[in-house]
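Reader: I would like to learn how to read the features of a two-chain model. Please take them one at a time.

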Amino acid sequence: MTVRKNQATLTADEKRRLVAALVELKRSGRYDAFVTTHNAFIMGDTDTGPRTGHRSPSFLPWHRRFLIEFERALQSVDSSVALPYWDWTADRSPRSSLWAPDFLGGTGRPLDGRVLDGPFAASTGNWPLTVRVDGRTYLRRSLGGGGRDLPTRAEVDSVLAMSTYDMAPWNSASDGFRNHLEGWRGVNLHNRVHVWVGGQMATGVSPNDPVFWLHHAYVDKLWAEWQRRHPASGYLPTGGTPDVVDLEEPMRPWNDVRPADLLDHRAYYTFDTD
Amino acid sequence: MPRLTRRRALAAGAAAVAATGGLPAPSAAAPGHSREHGHSHEHGHDHDLGHDHDHDHDHDHGAPEAFDEVYLGRRIQGRPLAGGHHHGGGYGVFIDGVELHVMRNADGSWISVVGHYDPVPSPRAAARAAVVELRGAPLVPLT
């Protein structure tokens, strides 16, 4: 059974294996297919049209399935690997071990944002960016460069306290848990973390940075925490909503899975805190 | 609404940024923008590109107005587009002639594929944010 652990608790060997599996997915071309899929949904999901991966109730189940697919790809390289999560309320500094050269590498240099250390630095030759929105082929970051801090635990708690999963109009204007977690409204959790990392993480091709998976694994964990706090609250909407994935409707691009199939993460993995 | 209070407080600043709008020269950048040349664009980004002075006059008035200026050495243009499917609601933004994918949020704010998670008040602000983010790099054309 896959156990997703806090990245801060990984052993040196666990970090080494995860990095090796990431580099192998990249080498084989399978990694970049995930980047392509993500950007297609980023550009295609709109507040006034069909929306599946983002700015909609299915933001959470869509990314849960996306991460399951990615984790299975990693495990096809090394079956011992699981996706760790980054609790950015706790590890909130560019000096965190997450950004050390033995794991993800650090922030980018001021000149051009280029990441210079770690296994994903362009100079290794192991991490060429091929799915891009601009001409730059090297991984970039500007950790904390936007001048805004990462969300605090108190801010997370204020969002976890919201008992309604999502609300009409089921988009970036919605009140409720999903949109506050996604960050288009309110204290801004998920979106703000993308901006804090900077570089490709701030763009539609954000999965180019491996931290994408650790960020979303934590967003996914927060969904599980919310469910535990609100056992009587379920996914909404439950039927008949134009442009929006209802509880029992299949989700693109897989078309073989519904939000209803993804509500219980324990069918796929557990967390180290479960 | 603290936003409204801040907006009023920054009204003068917002007007200064807006005033640079149509000037077709690199020097069109407002004084605050010079900070971005010094690689400390953090504050320039937040204040000059408008988290506080939200809602240009385009909100609630259909498509925003066209613009055409040189910003930090890049030509940025925005204009209503005829035909085709554009998530900017029939509005296109270009940097040095290459289209920047932009999208209008339900609250009237805008994002681009280069600054996807950080809404700004107008397509011009999205184009300027993209120019800062690109640091001279060319956009990959939309396919």
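This is a predicted model: local features need pLDDT of at least 70, side-chain atom pairs count only at pLDDT 80 or more; totals for chains, interfaces and linings use all residues.

Reader: Which helices and strands does chain A have, and in what order do the elements run?

Author: Helices (H or I, at least four residues) and strands (E, at least two) are DSSP runs, numbered from the N terminus. Chain A has seven helices and two strands, in the order β-α-α-α-α-α-α-α-β from the N terminus on. Chain B has five helices and six strands, running α-α-α-α-β-β-β-β-β-β-α.

Reader: How does the radius of gyration of chain A agree with that of a compact globule?

Author: The radius is taken over C-alpha atoms, and the globule rule is 2.2 Å times the number of residues to the power 0.38. For the 274 residues of chain A the rule gives a value near 19 Å, and the chain has 18 Å, which agrees. Buried means under 20% relative accessible area, exposed over 50%, and partly exposed in between (1.4 Å probe, protein chains only). In chain A, 59% of the residues count as buried; in chain B, 48% of 143 residues do.

Reader: How should I read the sheet in chain B, and what is the order of its strands?

Author: Strands of a sheet pair through backbone hydrogen bonds, either parallel or antiparallel. Here two strands count as paired if DSSP finds at least two bridges between them. Four strands of chain B form an open sheet in the order β1-β2-β3-β4, with antiparallel pairing. Its edge strands are β1 (67–71) and β4 (98–100) of chain B, each pairing on one side only. Strand β3 (residues 91–95) of chain B pairs with β4(B) over three bridges, and F94(B) stands opposite E99(B) in β4(B).

Reader: Which helix packs on this sheet?

Author: Contact means heavy atoms within 4.5 Å. Helix α5 (residues 123–134) of chain B packs on the sheet and touches β1, β2 (74–80), β3 and β4 of chain B. Eleven of the twelve residues of α5(B) are buried, so the helix is largely enclosed by the rest of the structure. Among the buried ones are R128(B) and E133(B). After α5(B) comes R135(B), whose phi is positive, near 45°.

Reader: Is R140(A) buried or exposed, and which residues does R140(A) touch?

Author: R140(A) lies in the loop between α3 (59–77) and α4 (153–160) of chain A. R140(A) is buried, with a relative accessible area of 4%. Not counting residues up to four places away in sequence, R140(A) touches residues including D112(A), D134(A), D209(A) and E133(B).

Conventions: Residues are numbered from 1 along each chain as its sequence is written. Chains are lettered from A and ligands numbered from 1 in the order in which they are written. Side-chain values use heavy atoms; hydrogens and water are left out. Axes are lines fitted to C-alpha atoms, for helices over the stretch in contact, and angles run from 0 to 180 degrees between N-to-C directions.
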